[in-house]
Amino acid sequence: MISVVVVDAETPGNVGTIARAMKNFGFSELLLVDPPELDPDGEAYGFAGQAREDILPNAREVTFEKVIEDFHTVGFTATTNEDARKHVRFPFRTPAELAEDLSKVETDVALLFGRERIGLTNEELARLDQICAIPASADYPVLNLGQAATVALYELRGLAMDDSQLPDVEHERAAEPEIERFYERFDTTLETVGYPDGKRPKTMRLVRRLVGRAHPTDREITTLHGVLRAIERATRR
């Protein structure tokens, strides 16, 4: 179970935004420490989208102490100490690194996001098990609370959902004999159109590297064969 904890949010709208991001990326348990009032007719529910139907009304108010007691805790911060001499905000993981790390353990995890203006305090971070920071521009690394949670939950989505709305994108590369026949035909086509003999070996190497990186499917190779046949016919005419 991965729970999302919002600590002392100032605006209901950010709570609603986080609930919506949770719904988008497969998370379901929202815990609130010292939350603002969440009026069903107010901005929290207005920003929550379909999360207004389940995640937001089922959110539970808890204490920071209870979260520490019951969960493996991860605190999110924009500012990190840059070396190992300080340990309040260091070492840290990026969300992508955290996703890989948490995929290897089975424990109840709480992802903690802090206040809009100051985030989580040093005192709070010092009591957490791990620190996570989102890579951003050094000129302006501070994200809005709702934005930070959305980015983090997107990166961690693999821990909470198995499938998405996107179709299966498994790529089946064409069989190697078919690809080799394409190279042979390409070389023949170069000869047919009068391509300079001295340039053909280098050109064929470049074509092989290009197609090798592309990992073409059966249909793509068949289509390219057809294009070459059309070029050869037109040249002969």
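In this predicted model, Leu-38 is found in the loop that links strand S2 to helix H2. Its relative accessibility is 21%, so Leu-38 counts as partly exposed; the cut-off for a buried residue is under 20%. Leaving out residues up to four places away in sequence, Leu-38 touches Pro-12, Val-15, Leu-32, Ala-44, Tyr-45 and Leu-56. A look along the chain gives a sense of scale: Tyr-195 is 157 residues away from Leu-38 in sequence, and the C-alpha atoms of these two residues are separated by 72 Å.

Strand S2 leads on to the sheet. Six strands make up an open sheet, and reading across it gives the order S3-S2-S1-S5-S4-S6, with parallel pairing. Strand S3 (60–61) and strand S6 (130–132) are found at the edges, where each has a single partner strand, so one side of each lacks a neighbour in the sheet. Further in, S1 and S2 run parallel and are joined by five bridges. Within this pairing, Val-4 has Leu-30 in S2 as its bridge partner. Strand S1 (residues 2–7) is also joined to S5 by five bridges, again in parallel, and here Val-4 stands opposite Leu-111. Strand S4 (residues 72–76) runs parallel to S5 as well, with four bridges between them; Thr-73 of this pairing stands opposite Ala-110 in S5.

How many residues of strand S5 are buried? Five of the five residues in this strand (residues 109–113) are buried, so S5 is largely enclosed by the rest of the structure. Helix H6 lies across S1, S4 and S5, and runs at about 150° to S5. Helix H1 lies across S1 and S2, running at about 160° to S2.

In soluble globular proteins, nonpolar side chains tend to be buried together. The largest nonpolar core here has 33 residues, of which Leu-30, Phe-76 and Leu-111 touch the most other members. Two or more residues come from each of S1, helix H1 (12–25), strand S2 (29–33), helix H2 (43–47), S4, helix H4 (95–102), S5 and helix H6 (145–155). H1 gives the largest share, six residues. Phe-76 can be followed in more detail: beyond its neighbours within four places in sequence, Phe-76 is in contact with Leu-98, Leu-111, Leu-112, Phe-113, Leu-120, Cys-132, Ala-152 and Leu-156. There is also a second, separate core of 14 residues, with Val-67, Phe-71, Leu-112 and Leu-125 among them.

Two further helices remain to be described. Two packed helices are described by the angle between their axes and the distance between the axes. For helix H7 (residues 176–192) and helix H8 (residues 200–214), the angle is about 145° and the axes are 11 Å apart. The crossing of H7 past H8 is right-handed. On the H7 side, the contact is made by Ile-179, Glu-180, Phe-182, Tyr-183, Phe-186, Asp-187, Leu-190 and Glu-191, which meet Arg-200, Thr-203, Met-204, Val-207, Arg-208, Val-211 and Gly-212 of H8. The residues of this contact comprise eight nonpolar, two polar and five charged.

Notes: Residues are numbered from 1 along each chain as its sequence is written. This is a predicted model: local features need pLDDT of at least 70, side-chain atom pairs count only at pLDDT 80 or more; totals for chains, interfaces and linings use all residues. Side-chain values use heavy atoms; hydrogens and water are left out. Buried means under 20% relative accessible area, exposed over 50%, partly exposed in between (1.4 Å probe, protein chains only). Two strands pair if DSSP finds at least two bridges between them. Axes are lines fitted to C-alpha atoms, for helices over the stretch in contact, and angles run from 0 to 180 degrees between N-to-C directions. A crossing is left-handed if the near helix is turned anticlockwise from the far one by less than a right angle, and right-handed if clockwise. Contact means heavy atoms within 4.5 Å. Ala, Val, Leu, Ile, Met, Phe, Trp, Tyr, Cys and Pro count as nonpolar, Asp, Glu, Lys and Arg as charged, and the others, Gly among them, as polar. A nonpolar core is a set of buried Ala, Val, Leu, Ile, Met, Phe, Trp, Tyr and Cys residues joined through side-chain atoms within 4.5 Å.
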